[in-house]
Amino acid sequence: MGTLVALGSSPPLDPEAAAGIVRAYGLELESCEPLAAGSVNSNFRLETAQGRFFLRIYEEQAEAGALRELELLRALARAGVPTTEPPLRLDGASVSHHQGKPVALYPWVEGDIVCTEQAVPARCEAVAAALARVHLAGAALPPQPPSRFDADALRERLGLIARAAVPELCRAAKEIEEHLPAVQAARVPDLPRGLIHGDLFRDNVLWRGDEVAALIDFESASSGVFAFDLMVLVLSWCFRDHFDLDRVRAMLRGYQSVRPLSPEERSGLRGEGALACLRFATTRMTDFSLRAAPGKPPLRDYRRFLQRLEELETPELARVLEGA
């Protein structure tokens with residue numbers, strides 16, 4: 001078996017190194033397969049004599065960030081949130097290393113990732129209820145750090161885009177930067193906040209039939225506004241060519257079956273959604289557009305989030321979000 005390279009992998013992972021990592025958990029490696037999933041980190045499927053596991057090399061997070069995610073997952077699993085509970089090494093440590101980068105090991109959760117057409121209202125209702133459980137469970141956990149994607153961080157990324165001097169991306173970055181002050185000013189102040197996932201797209205939820213098997217990839221978890229986190233769900237699950245209002249209604253119904261929204265939160269959903277649109281349009285450009293091979297379209301298109309931003313202003317969607 002030769003050197004194993006996953007999307008974003010730097011440096012590559014060779015079989016001997018993979019075997020050494022899993023031995024630290026008391027496991028015996030049989031095979032290691034790189035996975036194309038993910039935009040930043042390097043991910044691998046491992047077959048061991050003791051079962052299947054998922055290995056991640058953190059390409060951007062420092063060890064403290066990786067450790068925080070692993071401890072958070074264990075706490076959420078104990079609180080009954082459907083997620084995966086990472087094992088400890090034989091020496092009691094949570095994090096391994098590969099050439100200076102933190103490495104995490106997770107039990108493999110059998111489940112499917114649904115496509116856009118499969119994100120039907122029943123699944124929207126179920127995943128929103130699961131997110132509400134995360135928000136409630138966070139109250140008993142240590143406070144999380146602020147988001148790595150706050151307004152200052154977005155401006156820094158927009159500066160990177162401008163320095164890349166790609167005309168189309170420069171125009172889009174300028175548009176986002178011009179929107180940011182007004183979007184921030186329009187947010188409803190003092191909305192309830194606590195632990196948020198921050199990135200609960202379809203590829204971060206595993207399903208067994210119509211039931212949520214696991215919420216995964218808490219790397220972007222932080223302290224934040226619950227309404228923002230809910231709107232990330234709405235933006236990523238309820239938008240096809242336009243917003244599917246039946247899905248939006250199901251999303252709100254599922255969330256409120258676990259954690260009812262206050263009138264202030266309902267009125268603040270659009271503002272939080274607008275901020276989420278700017279956040280994901282920006283990271284789509286830095287994580288995909290700037291990394292796309294010459295002549296090839298990026299895997300994910302930032303313009304879809306600018307379209308969502310425009311459609312947040314439609315009266316029909318506003319009435320659904322605000323409960324009118």
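**Entry 1: α3 against α6.** I'm working on a predicted model here. I started with the axes of helix α3 (residues 121-137) and helix α6 (residues 226-237), which come within 11 Å and cross at roughly 160 degrees. With the antiparallel cut-off at over 145 degrees, α3 and α6 are therefore roughly antiparallel to each other. I also checked the hand, and this crossing is right-handed.

**Entry 2: α6 against α8.** I stayed on α6 and looked at its other partner, helix α8 (residues 263-289). Their axes come within 8 Å and cross at roughly 65 degrees. The hand of the α6 and α8 crossing is right-handed. From α6 I listed F226, A227, F228, L230, M231, V232 and L235, and these meet E265, L269, E272, G273, L275, A276, C277 and F280 in α8. By type, the residues of the contact of α6 with α8 come out as 12 nonpolar, 1 polar and 2 charged.

**Entry 3: the core.** Which residues touch the most other members of the largest nonpolar core? I found V127, L215, L233, W237 and M251, out of 81 residues in that core. α6 supplies the largest share of this core, with 10 residues. I then took V127 by itself and left out its neighbours within four places in sequence: V127 is in contact with L200, V205, W207, V212, L215, L233, W237 and M251. Apart from this core I noted another one of 15 residues, with A18, C32, I57 and L105 among them. A background reminder to myself: nonpolar side chains in soluble globular proteins tend to be buried together.

**Entry 4: α9.** I asked which residues of helix α9 (residues 303-311) are buried. The list is F305, L306, R308, L309 and E311. The cover over the buried residues of α9 includes α5 (167-186), α6, α8 and α10 (315-322).

**Entry 5: R157.** I moved to helix α4 (residues 151-164), where R157 lies. Is R157 buried or exposed? Its relative accessible area is 15%, and the cut-off for buried is under 20%, so R157 is buried. Not counting residues up to four places away in sequence, R157 touches E60, F149, T282, T283, T286 and D287.

**Entry 6: A292.** I found A292 in the loop between α8 and α9. A292 counts as partly exposed, at 25% relative accessibility. With residues up to four places away in sequence left out, A292 touches P297 and P298. I also checked A292 against D112: they are 180 residues apart in sequence and 27 Å apart in space, C-alpha to C-alpha.

**Entry 7: positive phi.** Q99 has a phi near 50 degrees and lies in the loop between β4 (96-98) and β5 (101-107). Q99 is exposed, with a relative accessible area of 58%. A165 has a phi near 60 degrees, and I placed A165 in the loop between α4 and α5. At 55% relative accessibility, A165 counts as exposed.

How values were computed. Residues numbered from 1 in each chain as written. Predicted model: local features only at pLDDT ≥ 70, side-chain atom pairs only at ≥ 80, totals over all residues. Heavy atoms only, no water. Axes fitted to C-alpha atoms, helices over the stretch in contact; angles between N-to-C directions. Helix = DSSP H or I, 4+ residues; strand = E, 2+ residues; numbered from the N terminus. Parallel < 35°, antiparallel > 145°, perpendicular 65-115°, else oblique. Left-handed = near helix turned anticlockwise from the far one by under 90°. Core = buried A, V, L, I, M, F, W, Y, C linked by side-chain atoms within 4.5 Å. Buried < 20%, exposed > 50% of the residue type's maximum accessible area, 1.4 Å probe, protein only. Contact = heavy atoms within 4.5 Å. Nonpolar A, V, L, I, M, F, W, Y, C, P; charged D, E, K, R; others polar.
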